[in-house]
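Work through the exercises below with the sequence and the structure at hand. Each task is followed by a solution in steps.

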Amino acid sequence: MPLYFDWTLVLLIPGVILSLWAQYKVKSAYAKYSQVGTRSGLNGAQVAARVLQDANVGLVGNAKAARGNVVSLEAIGGHLTDHYDPRDRTLRLSDEVYHGQSIAALGIAAHEVGHAIQHANAYSMLMWRNAIYPVTNIASSLSFPILFGGLIFGIGPLLYIGIALFAFAVVFTLITLPVEFDASRRALAALSSGGYLTEEEMYGARKVLSAAALTYVAAAVAALLQLLRLILIARGRN
Ligand SMILES: [Zn+2]
């Protein structure tokens, strides 16, 4: 979101380039490895269920019954819409991943299961991330109106309040990194040790998951650069 046009805008360029690069990597890795089947012949939903079982996490068919150490699993529409929702402990896999039997489908399914296992094991970084999520939402929606107010009316303290609020969003993108890396690490370990992918197939799963991780790195870099830019603008004003 450009605040207004000045030289500090150039600071955002590396973040934009990195984001585009990451999106390209995800698209191309997914396009390639969603066409490659696996020897196990399992689909994403089956692998998700097995990896959960291997980790002693229960699985129920209904989101309402999910609690504690028990999660639910369902298919959702859309492309690459896969996620784990900690609020109702539900794994939602896109149709292509849920029913898919490709290396990409299994890698993505196992990654989302990784988040469910993090939650069941109360993995600290995920718990922190879930805890600051509501605060981050409020803080980041307030930050830009307050920053604009500070700039338009020339009120320095408002600028710094806006920056402090934006900093919550930056912390959130940073805390997301270990959560995402850990979910992929768990996924790859589970796929390998469970024998769901062969050593050769693991290569493709690694490619897909590291491309996905790069999108989170890009988001964190973009947020940090935006923060730096806002600080420079505020200092230039005072
Ligand atoms: Zn993830």
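This is a predicted model: local features need pLDDT of at least 70, side-chain atom pairs count only at pLDDT 80 or more; totals for chains, interfaces and linings use all residues.

**Exercise 1: The order of elements**

Solution. Counting the elements gives 7 helices and 4 strands.

**Exercise 2: The chain as a whole**

Task: state the extent of the C-alpha trace and the share of buried residues.

Solution. Along its principal axes, the C-alpha trace spans about 65 × 35 × 25 Å. The chain has 238 residues, and 37% of them are buried. For the contacts, take those between residues at least 6 apart in sequence; 71% of these join residues at least 24 apart.

**Exercise 3: A pair of packed helices**

Task: work out how α1 and α7 are oriented to each other.

Solution. Two packed helices are described by the angle between their axes and the distance between the axes. Helix α1 covers residues 13-33 and helix α7 covers residues 199-237. Their axes lie 8 Å apart, at an angle of about 165°. Angles over 145 degrees count as roughly antiparallel, so α1 and α7 are roughly antiparallel to each other. The crossing of α1 past α7 is left-handed.

Next, look at the residues that make the contact. On α1 they include Leu18, Ala22, Val26 and Tyr33; on α7 they include Val208, Ala211, Leu214 and Leu225. Sorted by kind, the residues of this contact are 15 nonpolar, 5 polar and 2 charged.

How values were computed
Residues are numbered from 1 along each chain as its sequence is written. Axes are lines fitted to C-alpha atoms, for helices over the stretch in contact, and angles run from 0 to 180 degrees between N-to-C directions. Helices (H or I, at least four residues) and strands (E, at least two) are DSSP runs, numbered from the N terminus. Angles under 35 degrees count as roughly parallel, over 145 as roughly antiparallel, 65 to 115 as roughly perpendicular and the rest as oblique. A crossing is left-handed if the near helix is turned anticlockwise from the far one by less than a right angle, and right-handed if clockwise. Two residues are in contact if their C-beta atoms, placed from the backbone, lie within 7 Å. Ala, Val, Leu, Ile, Met, Phe, Trp, Tyr, Cys and Pro count as nonpolar, Asp, Glu, Lys and Arg as charged, and the others, Gly among them, as polar. A residue is buried if 20 or more other C-beta atoms lie within 10 Å of its own, exposed if 12 or fewer, and partly exposed in between; C-beta atoms are placed from the backbone.
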